[in-house]
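Dear colleague,

Please find below the sequence and the structure that I am handing over to you.

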Amino acid sequence: MTSRIPRDSRLRLVRPRPLAAAPRAMNQRRSRRPAPRPPEGTPAPSELAGMARSRLAGAARVARWADTALGPGRGNATSGGKASLADTTAERAAGELGLTPAQVRADWDTARLAGLVEVHGDSARPGWRLRAWDRDDTAVLRGWVALFDAWSLAHPEPADHQPAAVAEVVSAMPQVLSFLQLSAGPVPVEQLLDLLAQRVRELRTERCEVPYGPPREPTRIPAPAPPTDAGPAHPEQPPGHDAELAPLLDWALHALASVGALTYGDGQATLTPLGSWAVWVKLEQICVAAQSPAGNIEAAAEDMLRGCAQLRPNAARAEYRAWLAARPVGSAVTELLDAARGEDALLRGLAFEALRVVGAPAEPDVRTALGEPTLRPYALLWLAEHDGADPEDAHEVLTREEATWLWVDTAAAVADHGEAPLLVRHLESAVQPTVPALLDEVRAVGHPRTVQVLVALAAAHPDPALAKAVRRAAFQVHTGGS
């Protein structure tokens, strides 16, 4: 009499697939949205990358110097646990590069904002974009877009202004930039000031901001002095609120000019080809998200992730970028990690895919998540890739137990959202060389979905003997037996 229990069935060893493979496999027949074309006259990506390399040449030079002179991860690059360059390091770089310490500091700050260097406490290391700088146009453009996104940090904000007023202008500038992009040419600053004031009023209305206390007298602007023989009359100042916003708009335009997004002078502002392209890309991302069935750009993180579960990876990443662009980074990261803590394993994996789009700003929160057993394997993979590991090899940072836990969690996502053949194929991605070894370690790892995963796998597998062994393992876990 022969036993129907499988004889140490060998599993074919393959690299583990990321959780994003589950929704990808579920949607192979989904129609793809045609790739949008940039506005007529936009330079080719290679030309745009050349412009970005030229704009960031000084930053790349300082970053390469730091990589060579300081060594990856060596301490004492920064001062006091801050991102600013230490005095001794700045003076040393200035002497070796033929620059002033002030120039070195400015280029260092630019390199940090563009992701060419990454600062961790008192240590600095080269970013992945620096490694790909000479060969990857996409990496260069992403680096410049990161600098463009951080324009408000690239130029000191004006003194004697309330932080709330500065924040309002920063929030309103995307509409100003959109107007500049649509205008496709020079726009008078007076026109931009009117648009900025209108947008600030809209933001206050959206917040239902109601003033308290007695009404304030409107700001009175002195009448211009009559012309004299000594020279022409001073231009008339805009009334009230516009006068308060004028220096802030001037600061914003100078800051955007400092990162290469526009030119500003003679009372006019004009987007550069790089700036026009970047604004178009962001508008396109927002349009993609707005056209999705779930309205992802306005949805909470969990609903946004569910809406993205049915998209192909590239489309999903575009949705993540648009969703992130519409809210502060800190609160967005918190929302994504809260969604990852839920019971839906698919959302857990997708939340960390979205955090990959966030990049370096998410690192402190992801490191904190290492202390949570549910999130630890995902956080370890995220950090490994963030530190430059090849995504295909990142799983090597996991212990055997962590890899098994992640295998069960991924199987739970497939069981809940995928199809039976995909669950059977997922069996091949286990790190264990045999089915009995896999079942033993799955039982020991203590994942809360172990029983459901094993039952679903037994129901899906076409081999009756293997299915019986998996059902027996599910029963043992359910009853606490061995």
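**The chain as a whole**

Please note that this is a predicted model. The protein chain holds 22 helices and 5 strands. Of its 482 residues, 43% are buried. Among contacts with a separation of 6 or more, 67% are between residues 24 or more positions apart.

**Helices α8 and α9**

In general, a pair of packed helices is described by the distance between the axes and the angle between them. For helix α8 (residues 163-183) and helix α9 (residues 189-206), the axes come within 9 Å and cross at roughly 130°. Angles over 145 degrees would count as roughly antiparallel and those from 65 to 115 as roughly perpendicular, and α8 and α9 are therefore oblique to each other. Their crossing is right-handed.

On the α8 side, the contact is made by E168, V169, S171, A172, M173, Q175, V176, F179 and L180. The α9 side contributes Q191, L192, L195, L196, R199, V200, E202, L203 and R204. Sorted by class, the contact of α8 with α9 comprises 11 nonpolar, 3 polar and 4 charged residues.

Two residues of α8 may be examined individually. F179, which is placed in helix α8, has a relative accessible area of 27% and is therefore partly exposed. With neighbours within four places in sequence left aside, F179 is in contact with V187, Q191, L192 and L195. The C-alpha atoms of F179 and L195 are separated by 8.8 Å, and the two residues are 16 apart along the chain.

S178 also has its place in helix α8. Its relative accessibility is 16%, so S178 counts as buried. When neighbours within four places in sequence are left aside, S178 is in contact with V279 and L283.

**Helix α3**

Helix α3 (residues 57-69) has 13 residues. From its first C-alpha to its last, α3 reaches 18 Å, close to the 18 Å expected at 1.5 Å a residue. The buried residues in α3 are A59, A60, V62, A63, W65, A66, D67 and A69.

A60 counts as buried because its relative accessibility is 2%, where the cut-off is under 20%.

Most residues other than glycine have a negative phi.

- A184 has a phi near 55°, a positive value in a residue other than glycine. A184 is placed in the loop between α8 and β3 (187-188). With a relative accessible area of 70%, A184 is exposed.
- D266 has a phi near 55°, again a positive value in a residue other than glycine. D266 is found in the loop between β4 (262-265) and β5 (268-271). At 81% relative accessibility, D266 counts as exposed.

With kind regards

Methods: Residues are numbered from 1 along each chain as its sequence is written. This is a predicted model: local features need pLDDT of at least 70, side-chain atom pairs count only at pLDDT 80 or more; totals for chains, interfaces and linings use all residues. Side-chain values use heavy atoms; hydrogens and water are left out. Axes are lines fitted to C-alpha atoms, for helices over the stretch in contact, and angles run from 0 to 180 degrees between N-to-C directions. Helices (H or I, at least four residues) and strands (E, at least two) are DSSP runs, numbered from the N terminus. Angles under 35 degrees count as roughly parallel, over 145 as roughly antiparallel, 65 to 115 as roughly perpendicular and the rest as oblique. A crossing is left-handed if the near helix is turned anticlockwise from the far one by less than a right angle, and right-handed if clockwise. Contact means heavy atoms within 4.5 Å. Ala, Val, Leu, Ile, Met, Phe, Trp, Tyr, Cys and Pro count as nonpolar, Asp, Glu, Lys and Arg as charged, and the others, Gly among them, as polar. Buried means under 20% relative accessible area, exposed over 50%, partly exposed in between (1.4 Å probe, protein chains only). The expected span of a helix is 1.5 Å times one less than its number of residues.
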